[in-house]
Every structure is written in C-alpha cells, then in structure tokens.
Amino acid sequence: MEGMLFLFALVMSAVLLFGMVFFIIMFSDLESDYINPIDLCNKLNQFVLPEHIAHAVLCALFLLTGSWVALIINLPLLAWHGYKIINNRHMYDATEIFRTLPQQKKEAFAKLGFYLLCFFFYLYRMIEALISTPGAGRK
C-alpha cells in the first residue's frame, strides 16, 4: 500500500516538476520577447489550478495514509498555495506580469527545487516500502 502511494507521489512529482520547467521556459521567453504577456498568461493560467489541486490531492493522500513526514514536508507549499488562492493572487495578470516577473521566476525556481527534492524523497520512500514489504519476491 505504501509503495503504491509513493509510486503515485513520484509520478505526480515528476508531472509537477515538468510543469515548473515549462513555467520557467515561458518566463524566459517573455523576457526575450518571444511571447507576448497575454499569450503567456493564457498559457500559464490553464495550469495554475491543476498544479494546486494535484499538490492538495497528494497532501490529502499523505494525511489519509498517515505518512506524516511527507505531509509535513508538503504543508508549507500547500499553505502558500492556499494563501495565494484566498487572496486571489494565484492567476497571472497580463497587465502586471512585467512588474512581478522577477518574483514569479523566483517562485517558479523555488517550486522546481522543492518538487525535485520531493521527487527523490518519494523515490527513496517507494524503494524502501517495496523492499520492506513482507513476502515481496517470494513464491
């Protein structure tokens, strides 16, 4: 059971990791004038809520299964996402994107690092759970 939980978390972390790479590439394209602010916001805004929901589902699964360490690791980012949604700052605004671009890039890089660390943590926990499963590999 725990092995499957962390396998799912590993896959979700990889998806979120690639999403953050996409965000960083899009922000760099905006800085280089390869894309205009309206197109950037239209492309990124469609991924904001799915990212937040995916992370919240992971946290809920950790809570329901009693994976307290994984939950505690994820709570700060969950709180940050909740703060942004409550204050209605979770979507990108084309009229203010240039003013907030440095902050948005820092946030994207921080999330990239967080999801990368989580990826390796989930990989370790998945392998640990699969190795310690009684009767694994026996016929």
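**Entry 1: the second largest cavity**

How do the residues of the lining of the second largest cavity divide into nonpolar, polar and charged? I got six nonpolar, three polar and no charged. For the classes I counted Ala, Val, Leu, Ile, Met, Phe, Trp, Tyr, Cys and Pro as nonpolar, Asp, Glu, Lys and Arg as charged, and the others, Gly among them, as polar.

Before going on, a note on what I am looking at. This is a predicted model, where local features need pLDDT of at least 70, side-chain atom pairs count only at pLDDT 80 or more, and totals for chains, interfaces and linings use all residues. Residues are numbered from 1 along each chain as its sequence is written, and side-chain values use heavy atoms, with hydrogens and water left out.

Back to the second largest cavity: I have about 30 Å³ of space in it. A cavity here is a set of points, on a 1 Å grid over the protein atoms alone, where a 1.4 Å probe fits but cannot get out; a pocket is an open set with protein on both sides within 12 Å along at least five of seven lines; and lining residues have an atom within 4 Å of a point. Grid points are joined across faces, edges and corners, and a volume is the space filled by probe spheres set on the points. Rolling a probe the size of a water molecule over the atoms shows where empty space is left.

I wrote down the lining as Ser13, Leu16, His55, Leu58, Asn74, Phe114, Tyr115, Cys118 and Tyr122. Two or more of the lining residues come from each of α1, α2 and α4. The largest share, four residues, is from α4.

**Entry 2: the largest cavity**

How many cavities of 30 Å³ or more does the structure hold? I found two. The largest has a volume of about 70 Å³.

Its lining is Met20, Phe23, Val48, Glu51, His52, Lys84, His90, Tyr92, Gln104, Glu107, Ala108 and Lys111. By class that is five nonpolar, three polar and four charged residues. At least two lining residues each come from α1 (2-31), α2 (37-65) and α4 (97-131). For the largest cavity too I put down α4 as the largest share, with four residues.

I turned to the open spaces next. The largest pocket has a volume of about 270 Å³. It is lined by 14 residues, and those closest to its centre are Arg89, Met91, Glu96, Thr100 and Gln104. I noted α3 (68-86) and α4 as each supplying at least two residues of this lining, with α4 giving the most, five residues. The classes come out as four nonpolar, five polar and five charged.

The second largest pocket is about 150 Å³. I listed Val15, Leu16, Gly19, Met20, Phe22, Phe23, Phe47, Pro50, Glu51 and Ala54 as its lining. The elements that give two or more residues here are α1 and α2, and α1 gives the most, six residues. By class I have eight nonpolar, one polar and one charged.

**Entry 3: the whole protein**

I stepped back to the fold: four helices and zero strands, running α-α-α-α from the N terminus on. Helices (H or I, at least four residues) and strands (E, at least two) are DSSP runs, numbered from the N terminus. The C-alpha trace spans about 60 × 30 × 20 Å along its principal axes.

Of the 139 residues, 39% are buried. Buried means under 20% relative accessible area, exposed over 50%, partly exposed in between (1.4 Å probe, protein chains only).

Is Lys105 buried or exposed? I checked: Lys105 counts as buried because its relative accessibility is 18%. Lys105 sits in helix α4 and touches Phe27 and Glu31, leaving out residues up to four places away in sequence. Contact means heavy atoms within 4.5 Å.
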